[in-house]
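Hi everyone, thanks for making time. I'd like to walk you through one model today, so please have the sequence and the viewer open.

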Amino acid sequence: MTSVQAPVLRVDALTVHRRQRGGADHAVLRDVSLTVAPGELVMLIGPNGAGKSTLLAAVSGDLAPASGRIDFDGKPLASWHRKTLAQCRAVLPQRAGLSLPFTVQEVIQLGCLARTGSHATLARLADEAATAAGVDHLADRSMTQLSGGEQARVHLARVLAQIWPEGGHAAQTGTEPTRNLLLLDEPCASLDPHHQHAVCTVVRDFAHRTGTGVVVTMHDMNLAGQYGDRVVALLDGAVVANGRPHDVLTRTFVQQCFAVDAARIDADGGLLVATRPWAG
Amino acid sequence: MAIASTPPASPTSPTPARSRDAGRLPAPVLFGVLAVLLIVLLVLAAGRGAYPISPSQVVAIFLSKLGVSDGGFDAQQMGVLWTIRLPRVVLGAGIGALLGMAGATMQSLFRNPLADPGLIGVSSGAALAVALTIVFGNLWWPGLTTQLGLALYPLAAFVGGVVTTLLVYRIGRTSLGVSVAAMLLAGIALNAIAFALIGLASYVATDEQLRSMTFWNLGSLAAASWPVAGVVSAGGVIAVFGMWRLRVGLNAMALGEAEARHLGVHVDRLKTLSIIFSALAVGLAVAFCGMIGFIGLVAPHCIRLIAGPDARVVMPGSALLGAALTVGADVVARTLVAPAEMPIGVLTALIGAPFFLVLLLRGKGRMMEG
């Protein structure tokens, strides 16, 4: 992807503390800097507790940083109006719950809450997002009747609907690209391999087609390597690698970062990463 | 680019199934049925009592008041209907609507379908505030009762309701919503404290104060009069309109607080307004009719079963059903042990508590997680 464009997201020297039981502050993110260009899919990888979700929470405004700066589309995140922000930035949490038995269609339409437009337009956008996420056939089902994987895809459809371009399926080439941002926390965690690839394909195509900057936290390096335009690795709250998947996901790096034995196969479509327990 | 709906190789490719949600009743039909039910109950309730007036006579009196027709009833019937029965059924309908809508609002706010103003202590908090005002109000602030008149008790109940709702919310809140266990336990504790203090207040109360206090413990519409019905309607319009404006944000709250915020909802304001308006609704009910429990639990639950959980349907539906339930319960309470009168709060508790138990048992495993 081109990186000459002004970034849609710029994180500068971000430090986030978490208060521990004793009262002492523990830095969960230390001096993290990151930019995301329009239309770029950034895969955020790292072992458990490395700070992936914390970084995403800080960027989505759920966590206040101790120091550093987060700019969205050139303006400090805190200066954005709630509603305007909701019209160009969507967030998918790691665990999305639902306290009442809404139907799939109702949940996806909730994604359009901050959007302006006629009821018919919003319903069409929600339908398009549902089709993209492969949950259109579930529209009338109650969320409580769905499997965990199906629910995850419905919530993906909901956040897609939030920033789904009005142009719909038509190619966006020639038109001004959106300055949108999509943040996905572990969107593939509860999915079978077929749907993992399906979701990654949808998200990558969405990013490239609409010019939306996308940040995805991901445990699966195989998926991160195949679909990411860029891979950013976090370890102990700091960025330890940032670059093209091909350059970042070397065998040695994966072994050191995740403490596993790894093998890498450079297939014609992309790269495959396989892991097994550390032998040493 | 779309994910294939039925991928040939997918192990979890879902089979298209006709769901029970397709059987949801459309909102206009629901509202129509409930409105007819409420009107029929109002006419029946207005006629029942020690001095019976037939439904046709009730309608005839109404028509004559509107100047449409005349005759078919005598002046005494008209007097009884107009000064005794009508204020009572109007008050009952108003209180029921407020309780139903407040229940719907609290359940969305607490992200929990079991939140009921009575169960979680909001009603008793409001009742405590009223009891304290009756017994100690004139001691602390001489002339208080005469200065504020009919507005005094709703104001006191409103303050008591807001404080208790805030307390329960603070105690029960977790990142995943309000924990049922914590919420109900907080309700038990707050109910116990409130009843102890109400007991204390009644212990030191004068005979006259005691008489005006007794009916709160049980709930009754016997205090009905046109001025009371007027105050409840005026305050009720504010509460109902206030809660109705929150419907979209409350729908988003079903996804979670952070998710609602990401969708552009001003969550803190939504929470504050939900607490204020639902406490106003409960406060009005408690101030004049005492504690009438379970309407706020039963009405929204039934509407959700019939028409789905969308607040835009549940709120007006719960108001209509709550009104119908309260008017119906009052008729039963008045006629079951005639000429004596059973407190309506006892009746709603007798019917509502088992309903609550069934809900609790059905969702036991899931609900205790929070």
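**Sheets, helices and confidence**

On terms, helices (H or I, at least four residues) and strands (E, at least two) are DSSP runs, numbered from the N terminus. Two strands count as paired if DSSP finds at least two bridges between them.

Before going on, a word on what we are looking at: this is a predicted model, where local features need pLDDT of at least 70, side-chain atom pairs count only at pLDDT 80 or more, and totals for chains, interfaces and linings use all residues. Residues are numbered from 1 along each chain as its sequence is written, while chains are lettered from A and ligands numbered from 1 in the order in which they are written.

Chain A has another open sheet, with four strands in the order β2-β1-β4-β5 and antiparallel pairing. Its edge strands, β2 (25-36) and β5 (75-76) of chain A, each pair on one side only. Going across, β1 (residues 9-19) of chain A is joined to β2(A) by eight bridges, and Leu9(A) has Val36(A) as its bridge partner in β2(A). Five bridges join β1(A) to β4(A), where Val11(A) is partnered by Ile70(A). Finally, β4 (residues 67-72) of chain A connects to β5(A) through two bridges, and Asp71(A) has Pro76(A) as its bridge partner.

Now over to chain B and its helices. Two packed helices are described by the angle between their axes and the distance between the axes. Here the axes are lines fitted to C-alpha atoms, for helices over the stretch in contact, and angles run from 0 to 180 degrees between N-to-C directions.

How do α1 (residues 27-47) and α14 (residues 311-335) of chain B pack? Their angle is about 20° and their axes are 9 Å apart. α1(B) and α14(B) are therefore roughly parallel; angles under 35 degrees count as roughly parallel, over 145 as roughly antiparallel, 65 to 115 as roughly perpendicular and the rest as oblique. The crossing is left-handed, meaning that the near helix is turned anticlockwise from the far one by less than a right angle, with clockwise being right-handed. The contact includes Leu30(B), Leu34(B) and Leu41(B) of α1(B), and Leu320(B), Ala324(B) and Val327(B) of α14(B); residues are in contact if their C-beta atoms, placed from the backbone, lie within 7 Å. By class, this contact has 19 nonpolar, two polar and one charged residues. Ala, Val, Leu, Ile, Met, Phe, Trp, Tyr, Cys and Pro count as nonpolar, Asp, Glu, Lys and Arg as charged, and the others, Gly among them, as polar.

Next, α6 (residues 152-172) and α12 (residues 267-289) of chain B pack at about 130°, with axes 7 Å apart. That makes α6(B) oblique to α12(B), and the crossing is right-handed. Among the residues that meet are Gly160(B) and Gly161(B) in α6(B) and Gly283(B) in α12(B). The contact divides into 15 nonpolar, five polar and no charged residues.

Last, confidence. The predictor gives the complex an ipTM of 0.91 and a pTM of 0.87. pLDDT is the predictor's confidence in each residue, from 0 to 100. Chain A averages 88, with 92% of the residues scoring at least 70; over residues 169-174 of chain A, pLDDT is below 50. In chain B, the lowest helix is α16 (residues 364-367), at a mean of 48, and the highest is α10 (residues 247-253), at 95. Residues 4-21 of chain B stay under 50. Where pLDDT is low, the predicted coordinates should not be read in detail.

Methods
Two residues are in contact if their C-beta atoms, placed from the backbone, lie within 7 Å.
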